[in-house]
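Take a walk through this structure, one stop at a time. Keep the sequence and the 3D view side by side.

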Amino acid sequence: MVAATPSFGPTRQRRVIPEKDSIMSDSLTLPAAAVQVPKVRSSDPTDEPRLVKVVLIGLAPVFFALFLVLPLASVFVTALGKGIGAYWDGLSNDDALSAIRLTLLIALIAVPLNLVFGVAASWAIARFDFKGKSVLTTLIDLPFSVSPVIAGMTFLLIFGRQGPLWDWLDANNLRIVFALPGLVLATVFVTFPFVARELIPLMQAQGSEEEEAARVLGASGWQVFTRVTLPKIKWGLLYGVILCNARAMGEFGAVSVVSGHIRGETNTLPLHVEIEYNDYHTVGAFAAASILALLALATLGLKLWAERKLAQDKAARRIEATET
């Protein structure tokens with residue numbers, strides 16, 4: 001006989017408690033359609049929504065067309081509106097030819113003066129420490145902060161009939177304002193920052209190690225400049241000269257004050273455009289304006305070419321520095 005197992009009360013079923021990991025895994029198991037992965041925004045700060053990109057890219061050519069292409073095209077359309085003959089007559093009369101010659105003469109005088117000043121000032125500021133260095137740097141930027149008309153008024157008050165130098169100038173039969181010297185002074189003032197402002201950061205970035213090495217090897221100051229410094233800054237110098245020449249030929253405000261608007265004598269090309277337009281000589285005014293527009297386009301092309309050359313020169317020097 002088999003002995004019966006004693007029973008001490010009602011039989012209870014043992015409860016099985018699932019492990020914690022299995023509970024979590026079951027609760028996180030969801031259908032694939034219910035799982036939504038949030039979109040992570042790109043960390044690129046230049047990444048913008050497509051609509052913003054389309055609007056900005058679309059506005060750029062519209063702005064370019066309205067404010068550059070359309071005015072430029074209107075100048076040539078109006079200048080040639082009555083035919084090539086009328087266009088040529090507007091450029092070949094005595095007043096127009098005199099204005100063109102005077103503009104070129106002023107540029108031929110002012111640009112070399114600014115070239116010499118710009119190279120000397122940039123050399124002094126980039127290579128030496130001296131008292132008044134910050135003052136010189138500030139004075140170079142002065143034409144950028146002073147209106148050209150105010151600059152012309154200053155020359156007029158100094159060299160005009162009411163100025164302190166008028167008696168001496170009149171006694172020696174010298175004329176500054178309302179003559180070529182005044183036009184040159186005004187043009188030099190408004191254009192002299194361009195060359196210096198291009199060369200100063202360039203020369204500071206290049207350093208003076210090569211010049212110092214040349215001096216140690218016995219080179220003279222002129223040899224150091226012509227054989228070491230000038231080849232390094234030639235493209236930056238050309239870039240500054242291009243900008244300086246463009247501003248010299250297109251200057252209006254300061255030149256207008258000191259010129260006196262004497263036809264055939266003190267009218268530059270921009271002043272000639274104003275006078276012709278005010279006299280209702282539309283074709284002549286726009287014909288002269290087309291010369292300035294062509295000058296602007298040529299300057300833009302030369303500027304881009306000089307920028308490319310300067311960038312190539314910097315890249316080549318950077319490669320040489322890493323190799324050595």
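In which helix is Val55 found? Val55 is found in helix H2, residues 50–79. Helices here are DSSP runs of H or I with at least four residues, strands are runs of E with at least two, and both are numbered from the N terminus.

Some ground rules come next. This is a predicted model, where local features need pLDDT of at least 70, side-chain atom pairs count only at pLDDT 80 or more, and totals for chains, interfaces and linings use all residues. Residues are numbered from 1 along each chain as its sequence is written, and side-chain values use heavy atoms, with hydrogens and water left out.

Back to Val55. Its relative accessible area is 40%, so Val55 is partly exposed. The scale is simple: buried means under 20% relative accessible area, exposed means over 50%, and partly exposed lies in between (1.4 Å probe, protein chains only).

Now turn to the record. UniProt, in an unreviewed entry, places "transmembrane region" at residues 51–79, 99–126, 138–159, 174–196 and 282–305. Such annotations may be inferred rather than shown by experiment; their positions follow the numbering used here, and feature names are shortened. Residues 99–126 are 100% helix and 0% strand, with end C-alpha atoms 39 Å apart. Residues 282–305 are also 100% helix and 0% strand. There the end C-alpha atoms lie 34 Å apart.

Next, the rings. The structure holds 10 aromatic pairs. One of them joins Phe155 and Phe159, which are stacked at 6.5 Å centre to centre with 15 degrees between the planes. Rings of Phe, Tyr and Trp (its six-membered ring) pair if their centres lie within 6.5 Å; planes under 30 degrees apart count as stacked, over 60 as edge-to-face and the rest as tilted. Why are Phe155 and Phe159 separated by about one helical turn? Because they are four residues apart in helix H7, residues 148–159. Both Phe155 and Phe159 are buried. Tyr277 and Phe286 make an edge-to-face pair, 6.4 Å centre to centre and 70 degrees between the planes. Tyr277 is exposed, at 51% relative accessible area. Ring pairs also link Phe155 and Phe159 with Phe117, Phe189 and Phe192 in a cluster.

The last stop is Gly221. Gly221 is found in helix H12, residues 221–250. At 42% relative accessibility, Gly221 is partly exposed. Glu211 is 10 residues from Gly221 along the chain, and their C-alpha atoms are separated by 9.1 Å.
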